[in-house]
Amino acid sequence: MSLVLVAIGILMASALASLLLARAPRLATACGVAGAILAGLAGLVPSFRVLLTGAHESLAMAWHMPGGNLHIGLDAVSAVFLIPVFLLTALAALYGGSYLRPFWGKRSIGFAWFCFNLLTACLVLVIVARNGLLFLMAWEGMSLASFFLVVFEHDKKETREAGWLYLVATHLGTAFLLIFFALLGREAQSLDFDCIGTMPQGIANALFLLAVIGFGTKAGFMPFHVWLPEAHPAAPSHVSAVLSGVMIKTGIYGLVRTLILLGHPPAWWGWTLVGIGLSSGILGVVYALAQHDLKRLLAYHSVENIGIIALGLGLGVLGLSTGHPLVAQLGFAGALLHVVNHALFKGLLFLGAGAVAHGTGTRDMDRLGGLAKTMPWTALTFIIGAAAIAGLPPFNGFVSEFLMYYGALLACLPGGLANPLPAIGLVAGLALIGGLAAACFAKAFGIVFLGAPRTEAARHAHECGFAMRLPMVILAAACILIGFGAPWAVAALKPAVAGLTGVPAAQVFGAAPRSMTLLMELMIGFAAVAAAVLLLGFLRRRLLQNRPVRRSLTWDCGYAAPTPRMQYTASSFALWFVDAFRWILRTERRRSLPRGYFPDAAFMTTETPDGFRDLVFRPVFAQVRWALASLRWIQHGRLQLYILYIAATLVALLIWYASCL
Amino acid sequence: MNLIPGIHLAAALILAPFLLGVINRTKARIAGRAGAPLLQLYFDLGKLLHKGAVYSRTTTWLFRAGPLVGLAAVFGALLLTPFGKSGAVLAFDADLVLFAYWLGLMRFVTVLAALDTGSSFEGMGASREVFFAALAEPAFLLGLLGLARVTGSVSLSAMLPEVTAATWLAAGPALALIAAAWLIILLAENARIPVDDPNTHLELTMIHEVMVLDHGGPDLAMILYGAALKLWVMGALLVSLLTPVRYGVAWQDALVFLGGMLLLAVGIGLIEGAMARLRLARVPQLLMGAFALAALALMLIMK
């Protein structure tokens, strides 16, 4: 526990130091990066210790706030969420040190590092907080720090708009959390998480719904996701990695903590979570398929993966509420492992996208191509991340989805869930999501890294430096490691699953040896295929040893002068999908066709705006704005009058409070 | 030490290309031709393995990795495939998920190798392949889910041998619907008529064949052999489902299974001989039909 405090201390100190050194970008960067890495190392030690031993460490101090002590704690569930936070922020900081180099002298680098390390500290604090008030304070700090990071390039109009949308969305979410904690505190007479006992079912239901909306807004549940595909691409890439990789997981963490606090769940919570998971998962990947901007595509995939996590949680809740412990454990284990996995591969992919933007100056996939030759390291790590996020074996994404599939299959067997419809939905949904995600990443990787460069910018791409390559290599290695080390990775989750399901860690997954053999056999399958790849490679090398191996043109059907512009683009690759889902996507197409015998230049562009933003939230907010316009006269920009409002409100509240006594 | 699964694995590895010979011979006979020798694919593979290679200048290491990983992945699926009524080399709970995802990995690397050439024809084929596969995947897994419910087990090697005459009597209509859905998926995934025509030479209309236009020599041999194995593993699931007898004696069950595979190959040949290829725009409807059949089967089973 004390090392977590040390980590928070290092983060705060380095954040302040970076701010003070804002005039010297080199020193500010050094301070910020070193602080994040040191804090990461310091924080990983207790996190792994707690995860492996299942111990529970906590610390409580009195403070001048209502609702209990200043209470922080570290249990296995927190540790599962903390490990990606510490790992990814340290690696992202190392990467960001080089990534922000072009902005030296143009932007306040010191302020950026202040926000980055403050964000990390708040992320840690959110996860270890055991008091509602402390949690909310850390939550707000996290939102504000990340807002300033999102608007780092605030000279661009779309960045400012994205930041604004993010600020509004996150505070609307926080408003629900305020009600959530107020209700929780009123029922339990304390905001300390340890003092919260069983609630009446009606209150528990209300709390669950508030948590789904409040935390779901942060996590990016469809349809509360509208800020996510705007804000994540707008931020610098190492920040996008942290936002998508770990910050949205605090929403999942909040939901998980709520489930633990509220105790035995009714079945409809599971139905709700499975429903949210299906809509987020399927719509997320469908929207991703229609994108041309690499980072926007990745942002929609975050919505998809949050959906997969929600599916796992929903299955866990269903298993818990209907008394099927193995189903519950598999669902929760899958969800928790996917939290870690998504942090690894989405962090990796955003860093890769940043390297592409850094090396070519564009994120528009249709202007890229052929980068595998000029950026071999980025290509190699990106393909590992792409295969992992598509859930393909033998990478980590497959392992977490495998656990969920297994749980859902068991739930469908005779003697499983009385109503197995959600489990069937999970199997069909995961299969569809898997197929679509594989298609989307075949597109993202294939169009950006393979083929021939489509523009001059892509032709002159350059590989990023060592400090940017190293984090990507480490993350890719972690994806492979969890894939091949599945038995141990899943075994390490047992204490956390025990915390969620309320059984002793030793009894998680029933008779322990069975689940271990299962994953061992999975691993034998992985190893057999890996060995087959090596053997076949060796055979082909032997066969081709003394034979002619030539380089030539790609077969072009007899056409003599192919150009790179004739290649399939991201838009053409996704056309089948966009057509099939046009009733959701409402892709806008603008084109001018070639006409006449000597046609002029022709063009065609497609754009897929977010339907929920344009058709749901925009009209609603327009109405709200219209309704509130009559109150505009209060808002006149005079500070002294604003202070008067505050004072008057306080006095009124005090009088009301005194009259109630 | 039980050697039988190993022998079965070797038999599958050796016999897989034979199925394509049977399909082509059946097609030829229907069309009134003599047809190529039954062992034609073996000759082709032997010839290709003796050739050198030509690689496009556009391609990278991924193009060369594609055939290796693709063949290894389908081999991974073969390790999980039961040999009729006899279990596979590797069997564990929920291995059916790994089975489906090995085929997914095979498709993923084939598609990437196609995109690596920078040819718009191959991009076109790749785009179609991933779309049709995304539609086929849920139908395939729903069928397996229904079978798991009927047999009370979630491992391929436990559930498929479990299907006997008694199972067919108890849940016949549902099993027939699953078999129909799987047959459609088998035809689609293996680039057979009515989804794709393996004999076409018009790049614009092809799916699978167009993706491998640029491969040659040992690489093409690996791709052709991988495609034969894929037909074998998916066919084996269908034949195991459709075989209602189980003797419990290894050689008898093996003979029944091999007979079933032969019949399946003849059946595919008959379908190909009797039908034309569908228009591409109709293919998604066919696959949605497969999904509907599998969903209907599940409803009958769950009722």
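Modeller: Start with the domains of chain A. The centres of domain 1 and domain 2 of chain A, taken over C-alpha atoms, are separated by 45 Å. Keep in mind that this is a predicted model.
Biologist: Which residues make up domain 1 and domain 2 of chain A?
Modeller: Domain 1 takes 292-298 + 311-541, and domain 2 takes 611-660.
Biologist: How many helices and strands does chain A have?
Modeller: Chain A has 27 helices and five strands. Its radius of gyration is 26 Å, close to the 26 Å from the globule rule for 661 residues, so chain A is as compact as a globular protein of that length. Along its principal axes, the C-alpha trace of chain A spans about 95 × 65 × 50 Å.
Biologist: What share of chain A is buried?
Modeller: Of its 661 residues, 56% count as buried. Look too at contacts in chain A with a separation of 6 or more: 80% of them join residues 24 or more positions apart.
Biologist: Now the strands. What does S2(A) pair with?
Modeller: S2(A) runs antiparallel to strand S1 (residues 57-61) of chain A, and five bridges join them. In that pairing, A:Ser58 stands opposite A:Gly73.
Biologist: Why is S2(A) called largely enclosed?
Modeller: Four of its five residues, in the stretch 70-74, are buried, so the rest of the structure largely encloses S2(A). Buried here takes 20 or more other C-beta atoms within 10 Å.
Biologist: Switch to chain B. What is its secondary structure?
Modeller: Chain B has 11 helices and one strand. From the N terminus on, the order is α-α-β-α-α-α-α-α-α-α-α-α.
Biologist: And how big is the box that chain B fills?
Modeller: The C-alpha atoms of chain B fill roughly 55 × 45 × 40 Å along the principal axes. The radius of gyration of chain B is 19 Å, which agrees with the value near 19 Å for a compact globule of 303 residues. Of those 303 residues, 61% count as buried.
Biologist: Where do strands come into it? What does S3(A) pair with in chain B?
Modeller: S3(A) pairs with strand S1 (residues 53-56) of chain B, in the parallel sense, over four bridges. There, A:Val549 has B:Ala53 as its bridge partner.
Biologist: Last topic, the core. Which residues have the most contacts inside the largest one?
Modeller: A:Val80 and A:Val427 do, in a nonpolar core of 364 residues. H17(A) gives the largest share of this core, 21 residues.
Biologist: What does A:Val427 touch?
Modeller: Leaving out residues up to four places away in sequence, A:Val427 touches A:Tyr405, A:Ala408 and A:Leu409, plus B:Leu141, B:Leu142 and B:Leu145.

Notes. Residues numbered from 1 in each chain as written. Chains lettered and ligands numbered in written order. Predicted model: local features only at pLDDT ≥ 70, side-chain atom pairs only at ≥ 80, totals over all residues. Pairing = 2+ DSSP bridges. Helix = DSSP H or I, 4+ residues; strand = E, 2+ residues; numbered from the N terminus. Core = buried A, V, L, I, M, F, W, Y, C linked by C-beta atoms within 7 Å. Buried ≥ 20, exposed ≤ 12 C-beta atoms within 10 Å, placed from the backbone. Contact = placed C-beta atoms within 7 Å. Domains from an automatic or database assignment. Rg over C-alpha atoms; globule rule 2.2 N^0.38 Å.
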